Amino acid sequence: MNLIIISALSGVVMMFSGLFVKNNRTISYIATALIIFLSLATMCELGAKSWFNIPQAEAMLRTSVYGKLIGVILTIATTFYFVLSGKDIERVGKHVADYYALMFFVLAGAGILLSFQNLLMLFLGVEILTIPLFILTGAQKQNLKSNEASLKYFLMGAFSTGIMLMGIVLIYGAMGSFDLSVIGKKAQFATPIHGANLMGLLLLLASMAFKVSAAPFHFWTPDVYDGAPTVFTSFMATIVKVAAVVAFIRLFEGSMEPFHTSKWQILVSILIACTLLVGNITAVFQQSVKRMLAYSSISQAGYMLFAVFAFNAFGKEGITIYGLSYSLATIGIFSVLSKMQDITFDGFNGLARQYPGIAFALTVFVLSLAGIPLTGGFLGKFYMISAGAASNSSYTWLFILAILCAAVSVYYYFRIIQAMYFKERVSDTPVFEVPVSKAFPILLIVVAALIILIGINPQILLQYLYF
Amino acid sequence: MSNLSQLAWLVPIFPLIGFLINGLGRNYLSKTLVGIIGSGALLLSFITSVLIFNKVSAGELLIGEAGVYFDFIKFGSFNIPFAFQIDQLTSIFLLVITGVGFLIHVYSTSYMHEETKAHFARYFAYLNLFVFSMLLLVMGANYVIMFIGWEGVGLCSYLLIGYWFKNNDYTNAAKKAFVMNRIGDLGFLIAIFYLIQHFGTTTYIDIFSQAKTEGSSSLITIITLCLFVGAMGKSAQLPLYTWLPDAMAGPTPVSALIHAATMVTAGIYMIARSNVLYALAPSTMSLVAIVGLLTAVFAASIALKQNDIKKVLAYSTVSQLGYMFLGLGVGAFTGAVFHVMTHAFFKALLFLGAGSVIHAMHHQQDMRHYGGLKKYMPVTNITMLIGCLAIAGIPPFSGFFSKDEILIAAYAANPIYYVIGLFGALMTAFYMFRMYTMTFLGGFRGDHHHLPHESPKPMTFALVVLAILAAVAGFIGLPELFTHNPEGHKLANYLAPVFKDGEALLAKHAHPDHTTEWILLAVSVGLIVAVILWAVKTYKVYKLENDAEPQGFSKILANKWYVDEIYDAVIIKPILAIGDFFGKVIETKGIDKAVNGVGKAINFGSRKFRYLQSGNVGNYILIMIVAIIILVRILFYLPMS
């Protein structure tokens, strides 16, 4: 509950601070202070009880250790995001405080998605999560691409919301309740499962697949990620995506388990296979790093979906590791990207010579995304695939596909390393639009060290799962 | 977490921090600061190791669960923890690594002083990283941690051999070392996989207790053989030894630390650690003994005719390592570890002494241009003499006791081992004193305009300390013969808990009675003294002008039995030919086409998939609808599987 309430309040505080504070830097400092407070609050909740005790909400929101841990991960990732990219947020437009406020509202939506107990809350959470994103995507009002992306996102988002509502209605029609535990109990005795129920489940699956941008429901992703201001792409591709995946898991695990027939895994395996193939293969040909990352974020979602495929402890552990290491690495790369003049691969040429610290950290991020051992990304992928293998070993083809796709991803990720270390800078234009501060490379290296730490000792994270 | 486990992790952490500071700050730190950080890290490690040694002597051990720091690799019921095991064997190695390492760091501060700032720091960073890896290797509580350290020391060895990377020969030597070690590492890795498959764990104590109850089996023989292949690579045994002489391309202190005192003894450590497994595989034990013995004699024979001072020492190291393997193979685990220790002292001393000479002679390594250095370098002269006496096996210097222990054990196992081993020992005495005489005695044959001078203080400091150790270290392992007390061998008592399981499993060889032992000792010492006198007499009058091209057998020796050439003709050339065939025919016609085909297909798909991304929202929604319809079709109308 801490996450939901404090982030909503922080959002309000940010909106007011926009009225009274004129200096953008100060606004960033306020936002950073709030997010640090929020992270501490979520951490406190992980250890002890929530600060807010609302028994009436039990039927609507029910927190679990897992949800709380993911909440901590999201807020920590957001903290790094604010610290690394604060200056870039300020450069997007005039209403800096509003951007921060919107992002806090997104976190509030994520908080609901981590703890919903009722399909209505799921719907509310998804809407609170996405509506601010429509605005953030269109934050550059003068930029046509940004406007187009915002409109497209809104249209397709509305469409997927429609599908989700339809699914919820069908389930309600069959079961007579929105409450997940009631639905689950009733479903145990209802054999064979009601057709409307199954259909509702399928529509929910499709709409959640849309939210996590799983193929073939991913089409909004490249256009929106490419059109949105780069800093906000970073936010959407990481924190929002992890929250959506966890909501996906929460929706279909536990109470919905009776619905899982052997066909469930067929459906999910098709989604995973499509997502991995589309994400990886399309990423290969991109010239713009931003667009490449958009596609790669699709393929990363494919790996995270293994948790939805498996529904076992492995999958949960895997999402924890995957979520944090993927978010940190992507936030790190985007924080560099959003400062750069040229966001194609050529823009990275010769970076290592001028900024060895930044180049080193980027290398770690890229290695983690590609899943090279000693990074968190490797363990994440390892856990995800072994979760799948542990739950149903007859899907060997899927696991092999996942590994081959990881190999393909090395190709496009390593082009960044290649450009940084092995290519000479031809033009005289500076790498960055604005001069980077001295602290920036150090912060990046801290993030990189964190990724390596997770890769060596995942238990520092996982131990919290089993208090 | 026991007291010891809180202490143990400090040992490797100091060099790691030193590595990070020196490596990252190499452009900013002054040389003095780099030297202080590099050596200071080792000094702290050494102090911690002494504390650990005290605790271990008092009976406190770190074994099993207590040593687990965190779960390193964990899936299902299989778990490889990141754990340390501190017992008597480890504590001895810790002292040797950090102690000798510290002296060599101090020595390096002055030996490497001509390097530029950044390269000087790079050197110390590598050296610290090496010590860190080596400590991991000996401290790990399971084979995986050992393997991490094993690879780490291999990497550092590669980096330091190729330290002067602008010289092509040196980088080639580094590559050779790396590739040769890779062959051995593959054996080690296969052994680990076998262990995991069979025992379901890699932790030493679990494996050993399981193996003991199961008894010997062909699987254990395979595992021990694979481990031994790893040891052959790392510890430069026949047939994988050729990288070590080439490794002399690195700076001399590196040769002393890595290629004499520590890394090359990793193989001995591994086998000593796995003594239970080896005791269950007698045929592997015999192989270890025979390989060790052959290497000892073979390498010693090559050393007889080398003119490069570092090459002499390199072959001597290979030969001494052979003795250690001989010791392991005949079940004298303590003797082997004892020899590791004394060898670390006297060989590090000899290398550092050689470094001192090379430093004074302006990087001239050819002994034919030395001579008479006794006058110019008194400290180096005395310390080197002590080193030579120690390695030759003259009582009461340390080498005498450790080598003798191995040879007596070899005699007990099989007198032929003893005879061949003694022959090798005689050659050792000969080539060492050939080296000593050509360097320090006779007249100066170098350039008279640049007379050599004694090395600076940090270098002589290291030499003196090592010389003292080389002289007296033998007394911790006095044979029963001298003390008439089965408890007299302090080292054996100390290490007994580690080796008791392995030794209990071994068929006990009857220890030769005291009379025989006295005779053997007297014979060996007498012969060695005679050989030394002969060598000194022959080479004291050495003149550069009289030096003829070696003929006949000595030509074979001077050319190192043509092993490099044989490898070149028998292995490398055919492999290159096969590689050529694969490269030209199979690769281009088959694999390339397939791989490029896949690549092209992906590229093609990538371009085509892009068109799906038309930017038209209507199209997107249409595709989504179609997808939902397909999913519905699968969910409702596909037969249940």
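A contact here means heavy atoms within 4.5 Å. On that rule, 40 residues from chain A and 33 residues from chain B take part in the contact between the chains. The model is predicted: local features need pLDDT of at least 70, side-chain atom pairs count only at pLDDT 80 or more, and totals for chains, interfaces and linings use all residues. Residues are numbered from 1 along each chain as its sequence is written, chains are lettered from A and ligands numbered from 1 in the order in which they are written, and side-chain values use heavy atoms, with hydrogens and water left out.

Start with chain A on its own. Chain A has 20 helices and zero strands. Both are DSSP runs numbered from the N terminus: helices are H or I with at least four residues, strands are E with at least two. Of its 467 residues, 62% count as buried. Buried means under 20% relative accessible area, exposed means over 50%, and partly exposed lies in between (1.4 Å probe, protein chains only). Among contacts in chain A with a separation of 6 or more, 82% join residues 24 or more positions apart.

Now the interface. Chain A and chain B bury about 3500 Å² between them, with 78% of it on carbon and sulfur atoms. Buried area is the accessible area (1.4 Å probe) that two parts lose on being put together, summed over both. A:Phe219, A:Lys263 and A:Phe285 supply 20% of the area that chain A buries against chain B, more than any other three residues. Six helices of chain A each supply at least two residues of the side that touches chain B: helix 6 (144–175), helix 8 (195–211), helix 9 (220–227), helix 11 (262–284), helix 12 (289–304) and helix 17 (376–391). Helix 11 gives the largest share, nine residues. By class, this side of chain A has 28 nonpolar, eight polar and four charged residues. Ala, Val, Leu, Ile, Met, Phe, Trp, Tyr, Cys and Pro count as nonpolar, Asp, Glu, Lys and Arg as charged, and the others, Gly among them, as polar.

Salt bridges come next. The term covers a side-chain nitrogen of Lys or Arg within 4 Å of a carboxyl oxygen of Asp or Glu. Between chain A and chain B the count is zero. Over all chains, the structure holds 16 salt bridges. One of them pairs A:Asp88 with A:Lys339, with the closest N and O atoms 2.8 Å apart. A:Asp88 lies in helix 3 (residues 65–92) of chain A and A:Lys339 in the loop between helix 14 (313–337) and helix 15 (351–354), so the pair ties together parts 251 residues apart in sequence. A:Asp88 is buried at 3% relative accessibility. A:Lys339 is buried too, at 6%.

A second bridge joins the side chains of A:Asp223 and A:Arg291 (3.7 Å, N to O). A:Asp223 sits in helix 9 of chain A and A:Arg291 in helix 12, so this pair ties together parts 68 residues apart in sequence. A:Asp223 is buried, with a relative accessible area of 12%. A:Arg291 is buried at 18%.

B:Glu151 is partly exposed at 21% relative accessibility. B:Arg182 is partly exposed at 32%. Helix 7 of chain B spans residues 168–199. B:Arg182 also lies 7.7 Å from B:Gly233, C-alpha to C-alpha, although the two are 51 residues apart in sequence.

Most residues other than glycine have a negative phi, and most peptide bonds are trans. The bond from A:Ala215 to A:Pro216 is cis, with omega near 0°. A:Pro216 is in the loop between helix 8 and helix 9 of chain A. The bond from B:Pro395 to B:Pro396 is also cis, with omega near 5°. B:Pro396 lies in the loop between helix 17 (378–392) and helix 18 (398–413) of chain B. B:Ala236 has a positive phi of about 55° although it is not a glycine. B:Ala236 is buried, with a relative accessible area of 0%.
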